[in-house]
Amino acid sequence: MNHIELTDEEYEKFCSLIYRVAGIRIADSKRVMVGNRVRRRLRATGISNFARYYAYLTSPAGNGEMPLFLDAITTNETYFLRDTQHYDWLGDVFLPEISQQAALRKRPKCLKIWSAACSTGEELYSIALTVIAKRPLLAGWKITLLGTDLSGAALAAAQAGSYDARAVRLIEPSLRQKFFDEDRQAQRWIVKPDIKVLVTWKQHNLLLPLGDNLCDCIFLKNVLIYFDANSKQTVVQNVIDALAKGGYLVIGPTEGIYGMLGSLNKLSPWLYQRPT
Ligand SMILES: C[S@@+](CC[C@H](N)C(=O)[O-])C[C@H]1O[C@@H](n2cnc3c(N)ncnc32)[C@H](O)[C@@H]1O
């Protein structure tokens, strides 16, 4: 079973299924990657070939398999404080700004930040650490920190909050000691319970509206690289609809959506603001 390869037809079928369900347009050059990742699911389900697996996956009986298939297909690479300038802005500009607005009674003492496509949680926990460092500015505030992703497995890892040394490498040692319990034997860093209670996780496909309270800031990073223009447009509209007036959108370097953000004010190559 390990040696069978995807035929052209099978490859096309899996790619168009991935596109329909997740919006991800797989490049032709990714055939080996797709084959290897689907093969993992063949092994896990004990199904002997790609055609049978596809039939199972797209049948009513395969409903439970779809999330596991998507877990296997998606790329979850992430780490704490990725693009440190985003967190510098969050702590040094954004939080003081909203704190001042609340002091002038120009906004309620409510803050909602959404890490859209949060993967295994490093992005949202980095946001949480930044918010905690500025806690005196936010005394008495209702704070919601939401992380969403398509992948249930990634969200389970986010909830567990246990990371290897590579994931936490950019966090200063003193902060690492403060915010994590170190399991020296397993060489893992585990997010402390008082940080975990600040964050909420939810499975969500960015091709659908979030349908929730509006956000003051949204991180949308390193997810749209594989999406085609149509899917990007859908995601961008859903994200803009989830942004409060005056709210900020932080995007990653590879999103490729600059031309789609016309209704927002561009403050820098990675920072956009919804007009008030
Ligand atoms: C490379 S990670 C990015 C993590 C984090 N934002 C960062 O920049 O470090 C991309 C994530 O996007 C998620 N993803 C892919 N397609 C998605 C979709 N249609 N809706 C929601 N999440 C999706 C994947 O499951 C994966 O966890």
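Leu-220 stands opposite Ile-251 in strand 8. The model is predicted: local features require a pLDDT of at least 70 and side-chain atom pairs count only at pLDDT 80 or more, while totals for chains, interfaces and linings use all residues. Residues are numbered from 1 along each chain as its sequence is written, and side-chain values use heavy atoms, leaving out hydrogens and water.

**Exercise 1.** Determine which strands are joined to strand 7 and in what sense they run.

*Solution.* Helices (H or I, at least four residues) and strands (E, at least two) are DSSP runs, numbered from the N terminus. Strand 7 spans residues 215-220.

Step 1: take strand 1. Two strands pair if DSSP finds at least two bridges between them. Strand 1 and strand 7 run parallel and are joined by four bridges; Ala-116 has Leu-220 of strand 7 opposite.

Step 2: take strand 8 (residues 243-251), which is parallel to strand 7 and joined to strand 7 by five bridges. From strand 7 the chain passes through helix 10 (residues 229-241) to strand 8, a right-handed β-α-β crossover. Right-handed here means that, with the strands pointing away from the viewer, the path from the first strand over the helix to the second runs clockwise.

Step 3: check burial. Buried means under 20% relative accessible area, exposed over 50%, and partly exposed in between (1.4 Å probe, protein chains only). In strand 7, six of six residues are buried.

**Exercise 2.** Which residues of helix 7 are buried, and what covers them?

*Solution.* Step 1: in helix 7 (residues 152-160), the buried residues are Ala-154, Leu-155 and Ala-158. They lie on the same side of helix 7 because their arc around the axis is only 95 degrees. The arc is taken over the directions from the helix axis to the C-beta atoms.

Step 1: find the cover by contact, which means heavy atoms within 4.5 Å. Elements covering these residues include helix 6 (122-133), strand 2 (142-149), strand 3 (162-164) and strand 6 (199-203).

Step 2: look at one residue of strand 2, Gly-147. Gly-147 has a relative accessible area of 0% and is therefore buried. Beyond four places in sequence, its contacts are Ser-115, Cys-118, Leu-124, Leu-155, Thr-200, Trp-201 and Lys-202.

Step 3: see what follows the helix. After helix 7 comes Gly-161, with a positive phi near 65 degrees.

**Exercise 3.** Describe the hairpin formed by strand 4 and strand 5.

*Solution.* Step 1: strand 4 (180-183) and strand 5 (188-191) are the elements on either side of the loop that holds Gln-187. They pair in the antiparallel sense over four bridges, and Phe-180 has Val-191 in strand 5 as bridge partner.

Step 1: four residues lie between the two strands. Gln-187 in the turn is not a glycine, yet has a positive phi near 55 degrees. With 60% relative accessibility, Gln-187 therefore counts as exposed.

**Exercise 4.** How many residues surround the ligand, and which are closest?

*Solution.* Step 1: count residues with a heavy atom within 4 Å of the molecule. There are 21, the closest being Asn-76, Thr-78, Arg-82, Asp-149 and Asn-222.

Step 1: read the polar distances. A polar side-chain atom of Arg-82 is 2.8 Å from a ligand oxygen atom. Backbone N or O atoms lie 2.9 Å from a ligand nitrogen atom for Ala-117, and 3.3 Å from a ligand nitrogen atom for Leu-150.

Definitions and conventions. Polar contact = N/O pair within 3.5 Å; in protein donor to acceptor, adjacent residues only side chain to side chain.
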